[in-house]
Amino acid sequence: MRRAIAITAGIAGLAVVLATAATYQRLGYTAQRLVDTAYQVDSRTGSTYYTPPDLYWPPFEPVYRPLIHVLANAGVARAQTVMGARAQYGPPKNMAVMIRQYEAGAAQGYGPALLLLAQLHAPYQTNGLMDEWAYTRDYSEVIERDGVRIEKNDERAYQFFEQAWDTGITLAGLRLGNLYLAQVRMADDKINKAAQWFERAARQGNARAAAELGGLYEIGYGVPENKSESRKWLTRAAEGGDTEAAYELGTSMVNSKPVWRDYDEGARWLEKAANDGYSTAQTSLAWLYLKGTGMPRDYIRSYAWANVVATGATQSGLRDELESRMTSEQITRAQDLSRELTERIANP
């Protein structure tokens, strides 16, 4: 009997150990996903958006949830961070729990907690914070809720972003560049600091930071105007998967002065951005094919790309103009190609 009890206790203890280890690994994965999804760009529009990762773990939630609380109360930073994110995004949502847990994780120097805490304090950035936890009209602070008031504070944002950067989170460098860039009108030295942070993050492999830096070199803003440097950083960003950078690079190559112009390479990058769903690149390609700018004039491909975008008076006017020049057979072929392109973009 004693042996059976001991075996049962041993099995139960092993189950607890295994469940705790699995929870710890899952929490690390979720915390990293919180970082990965903290800054996303819509390939169709170039606008940023925030989609938090799945903070729950069905069908293990009945065990996972209490273990998160146990680990968070025991001071495990990744558990505190995920618990804070659950309180941020819900359900249920609780700002007091969110800020307390983020601050607890940040106090231990945990990078994801520092990044998320920085984003709460960063001016000019809503960062996907709970929509119904309303900001004031100028986004300067969050209205008090759950007994907590979070004020937008650039100094605290700088502090937490820099600490997150020191833990190896390159996104923090991009966010620092964004923050300094947003404050350029307040102090001229902000643009120089923005360029410095973009370069630091770009050298660590952040594609969006490379794109931002390339854009600054293109116009000589915060750095000397330098087309070679601009191309270098935009190319690095585009090769790193930044669709907006591919569009910017293609546009620069097509529209530059003759000494910097490269129609073939520019069209290739515009095609890349268009095939990734970037609507502005699709519109640009439609016009390039219509005019035959740096490429053979192709009414069918022009019509097809205009049809893929299919919104706004500009595209309607372009298609009307093309239809006046095309045969019915060409229009049919263009419509077929448009469907193929749309399908390929939707299912890459």
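The dialogue below takes up confidence, then helix pairs.

A: This is a predicted model; local features need pLDDT of at least 70, side-chain atom pairs count only at pLDDT 80 or more, and totals for chains, interfaces and linings use all residues. Residues are numbered from 1 along each chain as its sequence is written, and side-chain values use heavy atoms, with hydrogens and water left out.

Q: What is the mean pLDDT of the protein?

A: pLDDT is the predictor's confidence in each residue, from 0 to 100. Here the mean is 85, and 83% of the residues reach 70 or more.

Q: Which elements have the lowest and the highest mean pLDDT?

A: Elements are DSSP runs, numbered from the N terminus: helices (H or I, at least four residues) and strands (E, at least two). Strand 2 (residues 48–49) is lowest, at 58, and helix 10 is highest, at 96. Over residues 127–139 the pLDDT is below 50. Where pLDDT is low, the predicted coordinates should not be read in detail.

Q: At what angle do helix 10 and helix 11 cross?

A: Axes are lines fitted to C-alpha atoms, for helices over the stretch in contact; angles run from 0 to 180 degrees between N-to-C directions. The axes of helix 10 (residues 227–239) and helix 11 (residues 243–255) cross at roughly 140° and come within 8 Å.

Q: Which residues of helix 10 and helix 11 make the contact?

A: Contact means heavy atoms within 4.5 Å. Helix 10 uses Arg231, Leu234, Thr235, Ala237 and Ala238. Helix 11 brings Ala245, Ala246, Glu248, Leu249, Ser252 and Met253.
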